[in-house]
Amino acid sequence: MQVIKYPEQGLEWASILERPSQSLAEIVPTVQPIINDVYNGGDEALRHYSLKFDKIDIQDFEVSVEEIQSAIALVDEELKQAIDIAYENIYKFHQLQVNEPQVIETTSGVNCWRKNLPIENVGIYIPGGSAPLFSTVLMLAIPAKIVGCKNIILCSPPNQKREIHPAILYAANKCGVTQIFRVGGAQAIAALAFGTESIPSVNKIFGPGNQYVTAAKQLVNNYGVAIDMPAGPSEVLVIGDANANAAFIAADLLAQAEHGADSQVIFLTDNEQKLEEVEQEVLKQIEDLSRKEIILKSLEHSRLILLNDIDECIKFSNQYAPEHLILQTDNADELLDKITNAGSVFIGAYTPESAGDYASGTNHTLPTNGYATAYSGVSVDSFVKKVTFQKITKEGLQNLGKTIEIMAEYEQLTAHKNAVSIRLK
């Protein structure tokens, strides 16, 4: 990891804040032809790209009920119980986000309200390469189930035996996923967007993925298909003071770094000794980790940064807008009102980011690459359309009509005015 001490605000901060990911413009020339081919070629194009990229010949994309039940039997009981506990916590947290319509009488006789209607068809993409993210199934399918999405379509890349990881299938079955398809990459996103002979099209696509999957999501968005958010490689920023636990901080940094070679982790502190302690802990702990090679690549573009005080650390963090922000300071609770940009915040020494990834209840599908300045993480709101309703009585239009007529007349929209006037007469 690069160690940086007392960088000056301005151009130096801007340089430090750069993410390691490629720009969309660099990836589009690779991804756009894939999208075009799936749009025009359907299943045959999916077979071509599965063979080209994954070296797998797939004839039947849909995972059958029998395959799902057979796979579920392979999942360890211990893992099933862990998934069940996580399911309950995630369901509990998201269930409370559901709001009942509230009718507001804005003027006597004029009633307005807003109602949440489920998006009928949603697609969820679940990465399944070296780390099958069955936890993401819970994070996406649970809120979809809570709001009542009619069809939940899941795509995930299979292994060389054309199988999707059993834990993914267990979680999908538990969450009520409608159909499951063995296909991954940008081609899976295109299939969800446009539909093929096997895979139905959806109205909105959710889920993380590599830079090609991310680019595909942003490109199909141009064709009228909604997506959860623009996102990139995973990231964490940790702020620690002199009393922070260096071992805990190093563990959190490494946990995020193992997501991928393009992940980025950052530690900010106002204490030089703590900076050195964390650096030593990172080097010590990395030796025992299974994804050491991936972590080492991630650490090449990660940072340990010494700043003047904790307030400056918060300012740096707000400018970076991290996907995950961890506060390990004595006054962590007092800092919360100063945070303006973050996907999800973890407070105190005993709140690891891993808790949010798996089982505390909050959603782990979060904005990355600085998008936390304007985007929120996935919630039940992500799976609904908010439709407004209004009902006006005869008396209500009499009360409000003159206001509408005047405004329409001054905008020179006489037909708008007449739609009210004809009723008042």
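This is a predicted model: local features need pLDDT of at least 70, side-chain atom pairs count only at pLDDT 80 or more; totals for chains, interfaces and linings use all residues.
Visitor: Why are helices α16 and α17 called roughly antiparallel?

Guide: Look at their axes: α16 (residues 394-410) and α17 (residues 414-424) cross at roughly 150 degrees, coming within 8 Å. Angles over 145 degrees count as roughly antiparallel, so that is the name this pair gets. The crossing is also left-handed.

Visitor: Which residues make the contact?

Guide: On the α16 side you'll find Leu397, Gln398, Gly401, Ile404, Glu405, Ala408 and Glu409. From α17 come His416, Lys417, Val420, Ser421, Arg423 and Leu424. By class, that's five nonpolar, four polar and four charged residues.

Visitor: Okay, on to charges. How many salt bridges does the structure hold?

Guide: There are 12 salt bridges. Side chains of opposite charge can pair when their charged atoms come close.

Visitor: What makes glutamate 235 and arginine 19 a salt bridge?

Guide: Their closest N and O atoms are 2.8 Å apart, and the cut-off is within 4 Å, so the pair qualifies.

Visitor: And which parts does this pair tie together?

Guide: Glutamate 235 belongs to strand β9 (residues 235-240), while arginine 19 sits in the loop between α1 (11-16) and α2 (24-41). The pair therefore links parts that are 216 residues apart in sequence.

Visitor: How do you know whether these two are buried or exposed?

Guide: Buried means under 20% relative accessible area. Glutamate 235 has 1%, so it counts as buried. Arginine 19 has 19%, so arginine 19 is buried as well.

Visitor: What about glutamate 44 and arginine 47: what makes them a salt bridge?

Guide: Here the closest N and O atoms are 3.7 Å apart. With a cut-off of within 4 Å, this pair counts too. Both residues lie in helix α3 (residues 43-54), three residues apart, or about one turn of the helix.

Visitor: Why is glutamate 44 called exposed?

Guide: Because its relative accessible area is 54%, and exposed means over 50%.

Visitor: Lysine 386 forms a salt bridge with aspartate 381. What are these two called, in terms of accessible area?

Guide: Lysine 386 has a relative accessible area of 34%, and aspartate 381 has 37%. Partly exposed covers values between buried, under 20%, and exposed, over 50%, so both residues are partly exposed. Their closest N and O atoms are 3.2 Å apart.

Note on methods:
Residues are numbered from 1 along each chain as its sequence is written. Side-chain values use heavy atoms; hydrogens and water are left out. Axes are lines fitted to C-alpha atoms, for helices over the stretch in contact, and angles run from 0 to 180 degrees between N-to-C directions. Helices (H or I, at least four residues) and strands (E, at least two) are DSSP runs, numbered from the N terminus. Angles under 35 degrees count as roughly parallel, over 145 as roughly antiparallel, 65 to 115 as roughly perpendicular and the rest as oblique. A crossing is left-handed if the near helix is turned anticlockwise from the far one by less than a right angle, and right-handed if clockwise. Contact means heavy atoms within 4.5 Å. Ala, Val, Leu, Ile, Met, Phe, Trp, Tyr, Cys and Pro count as nonpolar, Asp, Glu, Lys and Arg as charged, and the others, Gly among them, as polar. A salt bridge is a side-chain nitrogen of Lys or Arg within 4 Å of a carboxyl oxygen of Asp or Glu. Buried means under 20% relative accessible area, exposed over 50%, partly exposed in between (1.4 Å probe, protein chains only).
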